[in-house]
Amino acid sequence: HGCSWANSEPAPAKMVSDLYTEDNKGGSVLALFSAHDGTDGYLNQVWGSTDNARTWRQVGQTIDRSLLLTTLRSAPSDDQTLYVSGKRFAADYTAVGLLLRSRDRGQTWSELSVPKGGSQRVLGVHPKQPGTIFLRIDANQQYGADALWVSTDYGSSWTELYSAMARLYGFVLSPELDELWVAF
């Protein structure tokens, strides 16, 4: 209950961008590593543990080193489906948000079309529908406006559910899966 802590042995010596507990696989944890590789790119990998983070191994292939990745989620009803959000930098160093999907647990990745905006973060995947993804879009970075978008077809098309002139800090599906709760 947070009263004692232990380190993983051996823990991967990498920068952790995101952690995700796979609820459907007791003790399974995914970690997204994305850090500057010392040259002109990023080391981007997904690592997994199936024994409550005691031991780790790389999941799938190393991801395109031109990207800086931020969030990772797997589909609770299909652990082969993974989603990763991040940024690609243009020649003038402006960042363009992106979303990647793998349907074979990280062996191959597809870049998806996403709504326009700044950075994007995968908030969640529907527990029973692996193609339903919830995405936070930084709609206006200057004014702190965020929008909540959903895709029900594995990221092929998107619908805006809500936007506000505020940051979206919290997101959860109700236990009955019939409501979304958000905190701005």
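Me: Two rings of Phe, Tyr or Trp form a pair if their centres lie within 6.5 Å. How many aromatic pairs does this structure hold?

Reply: This is a predicted model. The structure holds four aromatic pairs. One of them joins Tyr-42 and Phe-89, with 6.5 Å from centre to centre and 25° between the planes.

Me: Why is the pair of Tyr-42 and Phe-89 called stacked?

Reply: Planes under 30 degrees apart count as stacked. The planes of Tyr-42 and Phe-89 are 25° apart, so the pair is stacked.

Me: What makes Tyr-42 and Phe-89 a link between distant parts of the chain?

Reply: Tyr-42 is in strand β3, residues 42-49, and Phe-89 is in strand β6. The two are 47 residues apart.

Me: How do you know whether Tyr-42 and Phe-89 are buried or partly exposed?

Reply: Buried means under 20% relative accessible area, and exposed means over 50%. Tyr-42 is at 18%, so Tyr-42 counts as buried. Phe-89 is at 34%, so Phe-89 counts as partly exposed.

Me: Where in the chain do Tyr-162 and Phe-184 lie?

Reply: Tyr-162 belongs to strand β12 and Phe-184 to the segment after β14, 22 residues apart.

Me: Which residues make the nonpolar surface patch?

Reply: Leu-161, Tyr-162, Leu-180, Val-182 and Phe-184 make the patch, with an area of about 400 Å². Strands β12 and β14 each supply at least two of its residues.

Me: Next, the charged side chains. Why do Glu-22 and Arg-105 count as a salt bridge?

Reply: A side-chain nitrogen of Lys or Arg must come within 4 Å of a carboxyl oxygen of Asp or Glu. The N to O distance for Glu-22 and Arg-105 is 3.0 Å, so the pair counts. Glu-22 sits in strand β1, and Arg-105 in the loop between β7 and β8, 83 residues apart. Both residues are buried.

Me: What makes Arg-88 and Glu-111 a salt bridge?

Reply: The cut-off is 4 Å. The closest N and O atoms of Arg-88 and Glu-111 are 3.0 Å apart, so the pair qualifies. Arg-88 lies in strand β6 and Glu-111 in strand β8, so the bridge ties parts 23 residues apart in sequence. Arg-88, at 30%, counts as partly exposed. Glu-111, at 44%, is partly exposed.

Me: How do you know that Asp-138 and Arg-167 form a salt bridge?

Reply: Their closest N and O atoms are 3.1 Å apart, which is within 4 Å. Asp-138 lies in strand β10 and Arg-167 in the loop between β12 and β13, so parts 29 residues apart are tied together. Asp-138 is at 4%, so Asp-138 is buried. Arg-167, at 23%, counts as partly exposed.

Me: How many salt bridges does the structure hold?

Reply: The structure holds eight salt bridges.

Key
Residues numbered from 1 in each chain as written. Predicted model: local features only at pLDDT ≥ 70, side-chain atom pairs only at ≥ 80, totals over all residues. Heavy atoms only, no water. Helix = DSSP H or I, 4+ residues; strand = E, 2+ residues; numbered from the N terminus. Buried < 20%, exposed > 50% of the residue type's maximum accessible area, 1.4 Å probe, protein only. Patch = residues over 30% accessible without salt bridge, like charges linked within 9 Å, V, L, I, M, F, W, Y side chains within 5 Å. Areas by Shrake-Rupley, 256 points an atom, 1.4 Å probe, with all protein chains shown as cover. Phe/Tyr/Trp six-rings, centres within 6.5 Å; stacked < 30°, edge-to-face > 60°.
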